[in-house]
Amino acid sequence: MPKQLLPLLGKQSFLQEAVARVLPLVPAKNIFVITNETQLPEVRKQLPKIPKANLIAEPMGRDTCAAVTLGAALVGARSTTGVMAVLPADHVIPDAKKFQQILNDAFDLAARGQAIVTIGIKPTEPATGYGYIRVGNELPTPAGAKKYKTTFFKAEQFVEKPDFQKALDYVNSGQYRWNAGMFVWSFITVTNGLEKHQPEMFAACQRWFKVAAKPAKLAKVLAKDYPNTKKISIDYALMEHAQNVICADGDFEWDDLGAWNALSRHLKADAEGNCAVADFIHVDAARNIIFDARTKNRTPIAVVGLWDSILVQTDDAVLLAHKSQAQKVKELVKKLGEDPKLKKLI
């Protein structure tokens, strides 16, 4: 079960929270969720108010450029003058109102011209797990628009994940923002960008656009196209090449729970530094993350002499990992997929 479908920090999953954050700005009929075939039934269950036709399953993962291109085809089929936001479903954003204000201003700006708008987060620490955006001059509010509450900058450069010293320099300079992977643009702008920098993806977008209004036909075309679709992120494919990128100053609390370690930033720790969402008891255990994701028959989790580890218990499996190895969970998932007996777990 991917983290965006789990209620890790409350009663709602991250996906449900992501949808709830945009509902004040965008009606449910205009929200698309792109997922995969395995997760589609659970997504439908969690989002009963989103029309079934708006919940689209990719036949296989092809990174974010393919997902964005598919999203553009879906939006364009509804309206070729439409403006769309690309929002990952695993972000923690406690201040929804501030986020909504910035997103609303970004929608307005993107609708006025050929701008690609990205929301950059003001860094609070020299994090090495995020990409960065170097920002240039502050931009004035466009003529004829009501003055924005959001500050917009010209985006000068996208920088990949830096080492600690570089990240520290970036934070101290004040000229960099974290790249949160949130983008706002018109259908025309994003397709023009794809045509210029990713012609194969643009051709795919045209094919998907033609059948986007017919779910069964779209599924057939995607099943045929996806195996040969380039696996590339939208950052590499488009953002790093485009000259028309504007960065909205994301001045709100934000976190991307990229690995289990990040959860400890949002959970209250006991005297020994253990963060637990569980009926948890221990002897000589410290700085652990203990999470009980079972939906039934939840029993106490008892630990003796365990330090700096992650323990997650679900209905059908248990994960135990050292915090320093948290990023290797991806390798574990790959191994599960290669074992016929364990493949059902992913």
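Trainee: Hi! Which residues point one way from β5, and which the other way?
Mentor: I116, T118 and G120 point one way from β5, while V117, I119 and I121 point the other way, and all are buried. Buried means under 20% relative accessible area, exposed means over 50%, and partly exposed lies in between (1.4 Å probe, protein chains only). Keep in mind that this is a predicted model, where local features need pLDDT of at least 70 and side-chain atom pairs count only at pLDDT 80 or more, while totals for chains, interfaces and linings use all residues. Residues are numbered from 1 along each chain as its sequence is written, and side-chain values use heavy atoms, with hydrogens and water left out.

Trainee: Thanks. How many residues of β5 are buried?
Mentor: 6 of the 6, so β5 is largely enclosed by the rest of the structure. As for the naming, helices (H or I, at least four residues) and strands (E, at least two) are DSSP runs, numbered from the N terminus.

Trainee: Which strand do 6 bridges join to β5?
Mentor: That's β9 (residues 245-250), and the two run parallel. Two strands pair if DSSP finds at least two bridges between them.

Trainee: New topic: what is the strand order in the open sheet of 4 strands?
Mentor: The order is β11-β13-β15-β16, with mixed pairing. β11 (275-277) and β16 (318-322) stand at the edges with a single partner strand each, so one side of each is left without a neighbour in the sheet. From one strand to the next, the twist averages 5°.

Trainee: And how do β13 and β15 run?
Mentor: Parallel: 4 bridges join β13 (residues 289-292) to β15 (residues 309-313).

Trainee: On to helices. Which residues are buried in α6?
Mentor: In α6 (residues 187-197), the buried ones are F187, T189, V190, T191, G193 and L194. What covers them includes α3 (63-78), β5 (116-121), β8 (176-186), α7 (199-211) and α9 (234-239).

Trainee: At what angle do α6 and α7 pack?
Mentor: At about 135°, with their axes 5 Å apart. Axes are lines fitted to C-alpha atoms, for helices over the stretch in contact, and angles run from 0 to 180 degrees between N-to-C directions. α6 and α7 are therefore oblique to each other. Angles under 35 degrees count as roughly parallel, over 145 as roughly antiparallel, 65 to 115 as roughly perpendicular, and the rest as oblique.

Trainee: Which residues meet there, between α6 and α7?
Mentor: F187, T191, L194, E195 and H197 in α6 meet P199, M201, F202, C205 and F209 in α7. Contact here means heavy atoms within 4.5 Å.

Trainee: How many salt bridges does the structure hold?
Mentor: It holds 10 salt bridges, each defined as a side-chain nitrogen of Lys or Arg within 4 Å of a carboxyl oxygen of Asp or Glu. One of them is between the side chains of R207 and D225 (3.0 Å, N to O). R207 lies in α7 and D225 in α8 (residues 215-225), so the pair ties together parts that are 18 residues apart in sequence. R207 is partly exposed at 40% relative accessible area, whereas D225 counts as buried at 12%.

Trainee: What does the side chain of D255 meet in a salt bridge?
Mentor: The side chain of R265 (2.7 Å, N to O). D255 is in β10 (residues 255-256) and R265 in the loop between β10 and β11, so they tie together parts that are 10 residues apart in sequence. D255 is buried, with a relative accessible area of 4%, and R265 is partly exposed, at 47%.

Trainee: Last one: what does the side chain of Q46 make a polar contact with?
Mentor: With the side chain of S13, at 2.5 Å. A polar contact is a pair of N or O atoms within 3.5 Å; within protein, one must be able to donate a hydrogen and the other to accept it, and residues adjacent in sequence count only if both atoms are side-chain atoms. Q46 sits in α2 (residues 40-46) and is buried, with a relative accessible area of 11%. Q46 and S13 are 33 residues apart in sequence and 8.3 Å apart in space, C-alpha to C-alpha.
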